[in-house]
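Here is a quick tour for anyone opening this entry for the first time. Have a look at it, then read on.

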Amino acid sequence: MDRRYPSGKKDEKEVKYGDVKKKIISKWKAMVESPTQELYANALVEFQDVCSDFPIFPTYVMTTLKAVKEKIVRAWTDHVLQLGCRTTNRVESAHALLKKYLDNNVGDLGTCWKKIHDMLVLQFTAIQTSFGQSVTVLEHRFKDVTLYSRLGGYVSRYSLDNIALEESCSKGTLCMDKEICGCVQRTCTGYHVHSKLLLKSIKTSQFY
Amino acid sequence: MVSGYLSRQTKEWGLNILNGVHSHAMESALEGRILAGRLKEDDKKIVRDLTKSKVHPINILINLKSKRQHGMTNIKQVYNERKQIWKSNRGDKTSLQFLISKLEEHNYAYFSITQSESTTIEDIFWAHPTSIKLFNNFPTVLVMNSTYKTNMYKMPMFEIVGVTSTDLTYSVGFGFVTHEKEENFVWFLQMMRKLLKSKMNMPMVVVTDRDMSLMKAVANVFPKNYAMNCYFHVQIFFKQR
């Protein structure tokens with residue numbers, strides 16, 4: 001809003017407008033992606049530094065950010081069981097798929113329903129297949145390994161994959177803390193959330 | 001050339017032949033006539049089958065042409081036939097009645113809300129029985145958003161999706177909204193909550209874009225859960241500034 005016409009320095013800034021914009025956006029990204037609250041605080045200071053030429057802009061950002069920071073900044077969102085959904089990309093892809101089936105925008109209720117129904121039928125088959133594969137297939141790398149061999153058939157392959165990733169990470173940081181249930185290694189750092197996520201996916205996949 | 005007239009004296013119709021010769025010779029082929037372009041019965045069957053499997057009209061026409069090299073069928077006839085097929089499927093029901101009858105036939109759970117004074121349906125929300133089963137098992141994360149340009153009524157379509165343990169997306173429910181206002185979304189979310197069988201299994205995270213009315217509705221209906229905004233949309237909004 002006000003960045004286009006920074007106070008007083010209009011002509012000078014017009015030239016470097018692209019650069020300034022890029023810089024601000026990159027700082028913003030760093031801020032949103034900061035994994036801990038301390039890093040977020042640092043990034044916030046840097047961000048304010050970059051925007052210092054424009055008086056109204058940072059204040060506007062600060063007031064808005066205050067209300068929504070817990071909803072968008074990684075430092076907070078990573079502490080919630082969000083199964084990797086930080087954006088609405090899942091629903092956007094679902095919309096795109098839906099529109100492929102609808103293939104025009106002039107259908108009435110009946111035709112829309114029919115096409116959505118066809119889409120759902122195929123979708124459920126795919127999901128059912130993935131469940132079936134999780135029950136029957138155990139990857140070779142997981143066979144005869146104490147941690148995994150008993151999980152096969154109860155935990156989905158996707159979550160097994162995640163558990164393996166988690167394990168290698170925790171080995172890397174040498175920060176092991178075995179849970180009693182024996183299936184998830186908790187690390188005291190940022191992977192905490194992820195292990196919770198896994199626990200949940202284990203629980204849910206047991207329904208099938 | 002022929003002219004007809006009514007005789008004043010006898011009150012009878014008469015016919016005068018002014019010129020008995022046709023202005024041009026008879027055409028050898030029948031191009032441009034309804035008779036030449038019409039679909040034969042077996043053609044109609046092909047159109048019906050292909051329409052059922054969602055083949056585009058142009059591809060149906062290509063199929064017909066490959067079967068009948070000298071056929072004069074045009075895309076218009078294919079469109080007309082498709083329209084007829086849809087009409088005969090629906091019978092004498094209106095599209096809403098047809099929708100509801102189909103929803104009942106396939107055991108969908110559906111809810112509708114009418115305008116306060118009249119009986120016009122304002123919003124409708126439906127969920128497939130398998131969706132409901134999946135929803136009861138995987139209610140952890142829900143992502144919701146509405147999309148446009150899906151139907152002739154220019155109503156936004158509201159879609160809610162969830163995530164299964166195998167990292168696949170499943171659709172919880174679909175709905176048509178007339179207004180994207182807070183109370184409409186509140187109604188949608190309440191209906192969705194009804195689908196959950198156990199009260200223990202509430203959605204924990206709801207991800208939305210930065211639509212204020214939807215955000216408020218989420219906070220209203222699921223007070224305990226963690227509402228999250230799509231950081232990407234916030235970023236877009238931020239870029240616009």
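## Chain A at a glance

Keep in mind that you're looking at a predicted model. Read from the N terminus, its elements go α-α-α-α-α-α-α-α-α.

How much of chain A is buried? Of its 208 residues, 28% are. As for contacts in chain A with a separation of 6 or more, 46% of them link residues 24 or more positions apart.

## How chain B is divided

Over in chain B, the domain assignment gives domain 1 as 2–90 and domain 2 as 107–240. Take the C-alpha centres of domain 1 and domain 2 of chain B, and you'll find them 48 Å apart.

## Helices H2 and H3 of chain B

When two helices pack, you describe them by the angle between their axes and the distance between those axes. For H2(B), residues 41–52, and H3(B), residues 57–67, the angle is about 145° and the axes are 10 Å apart. Their crossing is right-handed.

## Helices H7 and H8 of chain B

Next up are H7(B), residues 182–194, and H8(B), residues 212–221, which pack at about 40° with 8 Å between their axes. Because of that angle, H7(B) counts as oblique to H8(B). The crossing of H7(B) and H8(B) is right-handed.

On the H7(B) side, the contact is made by Glu182(B), Phe185(B), Val186(B), Leu189(B), Gln190(B) and Arg193(B). Facing them from H8(B) are Ser213(B), Leu214(B), Lys216(B), Ala217(B), Val218(B), Asn220(B) and Val221(B). The contact of H7(B) with H8(B) splits into seven nonpolar, three polar and three charged residues.

## A closer look at Leu134(B)

Leu134(B) belongs to helix H6 of chain B, which covers residues 129–137. Is Leu134(B) buried or exposed? Leu134(B) is buried, because 24 other C-beta atoms lie within 10 Å and the cut-off for that label is 20 or more.

Who are its contacts? Leaving out residues up to four places away in sequence, Leu134(B) touches Thr164(B) and Tyr170(B). There's also Val172(B), which is 38 residues from Leu134(B) along the chain, with 8.0 Å between their C-alpha atoms.

Key. Residues numbered from 1 in each chain as written. Chains lettered and ligands numbered in written order. Predicted model: local features only at pLDDT ≥ 70, side-chain atom pairs only at ≥ 80, totals over all residues. Axes fitted to C-alpha atoms, helices over the stretch in contact; angles between N-to-C directions. Helix = DSSP H or I, 4+ residues; strand = E, 2+ residues; numbered from the N terminus. Parallel < 35°, antiparallel > 145°, perpendicular 65-115°, else oblique. Left-handed = near helix turned anticlockwise from the far one by under 90°. Contact = placed C-beta atoms within 7 Å. Nonpolar A, V, L, I, M, F, W, Y, C, P; charged D, E, K, R; others polar. Buried ≥ 20, exposed ≤ 12 C-beta atoms within 10 Å, placed from the backbone. Domains from an automatic or database assignment.
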